[in-house]
Amino acid sequence: MSDANYLSLEKLTLAYGDTVAVDKLDLSIAKGELLALLGPSGCGKTTTMRAIAGLLTPASGTIRLDNVDITRVSANKRAVGLVFQSYALFPHLSVFENVAFGLRLKGIKGRELEKRVEAGIKSVGLAKFVSRKPGELSGGQQQRVALARSMVMEPKVLLLDEPLSNLDARLRLEMRTELQRVQKETGVTMIFVTHDQGEALSLADRIVVMNGGIIEQIGTPEEIYNAPVSSFVADFVGFENIFELSDGALKTPSGTAILKTAAPFDAKGLAWRPANVMLGSGAFEGIVRGTSFAGNTREYLLDTDLGPIKAEVPANLPVHAMGETVAFDLPVNKAAPLNKFG
Ligand SMILES: Nc1ncnc2c1ncn2[C@@H]1O[C@H](COP(=O)(O)OP(=O)(O)OP(=O)(O)O)[C@@H](O)[C@H]1O
Ligand SMILES: [Mg+2]
């Protein structure tokens with residue numbers, strides 16, 4: 001086994017009755033990696049997690065963990081921890097007892113139990129709260145108890161299914177950092193499900209973008225952000241100007257538009273972030289239909305023969321008025337070439 005394939009999903013197909021939710025998924029996760037599963041509602045994220053945890057039997061395919069085929073191994077024998085969005089702590093038990101619960105079930109007791117529970121509680125920064133009940137903790141603190149409860153079981157893989165979605169914006173940010181710290185300190189292999197691209201970009205070593213039960217792209221946050229390979233991923237990570245190519249020209253509502261420079265020869269589409277649209281000069285023109293100030297930048301919505309175009313420029317440049325005709329360019333060297341469209 002190489003550490004690069006610590007957990008591997010091979011041609012994994014997951015179904016509910018006749019409905020296929022995940023189709024022939026191939027995915028390898030390295031030991032100690034923090035992988036984010038990103039995708040819209042219903043794309044199969046939770047289903048994939050449930051299969052890894054052993055809560056759903058695959059229709060076909062194989063799951064291997066640490067060189068062992070665990071496809072048919074029961075959930076409690078897999079050494080996989082799972083933290084859900086609703087973390088269901090025992091309300092009548094203290095933080096200590098909540099964290100100790102699974103270890104007691106495994107027959108661990110006495111000094112050994114105390115040591116592991118205390119270390120787990122300390123690792124999530126809750127040493128002062130061991131005797132509190134969940135009802136006496138904030139949402140973020142409860143979330144940390146749920147994390148500690150899973151971590152003390154020393155899982156080979158820890159699965160987190162939208163664990164931060166119940167928290168308010170500020171706590172979310174705090175918990176993100178906390179999660180990353182705990183993961184780096186303990187070296188636990190982690191899969192983190194989210195439909196928030198900012199969360200995936202800031203947390204993960206690698207991101208898997210799913211759509212309709214298949215993987216659209218796997219890559220580092222930089223790759224996903226800068227070089228989406230499909231129109232779906234480009235749209236998902238905020239490229240606003242996405243075009244299909246036909247014989248090297250952009251397909252637009254009013255026919256095809258030829259670019260100054262040739263598009264990469266095998267590209268099926270090109271996409272520009274608003275910041276990569278050049279405003280003020282170029283072969284195209286548009287009428288300003290909307291403008292918004294965003295601190296360092298100003299965003300323009302243009303009505304053009306290519307359809308609506310969104311451009312973002314430094315806010316200190318002269319302002320274009322509503323209704324003004326502005327020239328612009330779509331530089332091919334600033335575009336992400338897409339090899340899959342639609
Ligand atoms: N118990 C079930 N029975 C039948 N179909 C289901 C069941 N659970 C999920 N599905 C379907 O399987 C597909 C994938 O669902 P899944 O829960 O994995 O999505 P998800 O990516 O986690 O979405 P969300 O972001 O909304 O949590 C969806 O089309 C969903 O309707
Ligand atoms: Mg889900």
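Below are some exercises, each with a worked solution.

Before you start: this is a predicted model, where local features need pLDDT of at least 70, side-chain atom pairs count only at pLDDT 80 or more, and totals for chains, interfaces and linings use all residues. Residues are numbered from 1 along each chain as its sequence is written, chains are lettered from A and ligands numbered from 1 in the order in which they are written, and side-chain values use heavy atoms, with hydrogens and water left out.

**Exercise 1. Work out how helix 2 packs against helix 3.**

Step 1. Locate helix 2 at residues 95–105 and helix 3 at residues 110–123. Helices (H or I, at least four residues) and strands (E, at least two) are DSSP runs, numbered from the N terminus.

Step 2. Read the geometry: the angle is about 125 degrees, and the axes are 9 Å apart. That makes helix 2 oblique to helix 3. For the cut-offs, angles under 35 degrees count as roughly parallel, over 145 as roughly antiparallel, 65 to 115 as roughly perpendicular and the rest as oblique. The axes are lines fitted to C-alpha atoms, for helices over the stretch in contact, and angles run from 0 to 180 degrees between N-to-C directions.

Step 3. Check the handedness: helix 2 and helix 3 cross in a right-handed way. A crossing is right-handed if the near helix is turned clockwise from the far one by less than a right angle, and left-handed if anticlockwise.

Step 4. List the contact: helix 2 brings V95, F96, V99, A100, L103 and R104, while helix 3 brings L113, E114, R116, V117, E118 and I121.

Step 5. Sort them by class, and you have eight nonpolar, no polar and four charged residues. Ala, Val, Leu, Ile, Met, Phe, Trp, Tyr, Cys and Pro count as nonpolar, Asp, Glu, Lys and Arg as charged, and the others, Gly among them, as polar.

**Exercise 2. Now follow helix 4 to its partners, helix 2 and helix 5.**

Step 1. Start with helix 2: helix 4 (residues 139–151) packs on it at about 30 degrees, with the axes 7 Å apart. This crossing is right-handed.

Step 2. Pick out the residues: V95, N98 and V99 of helix 2 touch V145, A148 and R149 of helix 4. Sorted by class, that's four nonpolar, one polar and one charged.

Step 3. Move on to helix 5 (residues 169–186), which meets helix 4 at an angle of about 20 degrees, axes 11 Å apart. That makes helix 4 roughly parallel to helix 5.

Step 4. Name the contact: G140, Q143, R144, L147 and M151 come from helix 4, and L171, E174, M175, E178, L179, V182 and T186 from helix 5. The tally is six nonpolar, three polar and three charged residues.

**Exercise 3. Which strands stand at the edges of the five-stranded open sheet?**

Step 1. Write down the order, 13-12-11-14-19, with antiparallel pairing. Two strands pair if DSSP finds at least two bridges between them.

Step 2. Go to the ends: strand 13 (255–257) and strand 19 (336–338) each have a single partner strand, so one side of each has no neighbour in the sheet.

Step 3. Zoom in on one pair: strand 11 (residues 241–246) and strand 14 (residues 269–272) run antiparallel and share four bridges. F243 has L270 in strand 14 as its bridge partner.

**Exercise 4. Describe the hairpin of strand 9 and strand 10.**

Step 1. Strand 9 (residues 206–211) and strand 10 (residues 214–219) are antiparallel, joined by five bridges. One pairing puts V209 with Q217 of strand 10.

Step 2. Two residues lie between the strands, and G212 in the turn has a positive phi of about 50 degrees.

How values were computed: Contact means heavy atoms within 4.5 Å.
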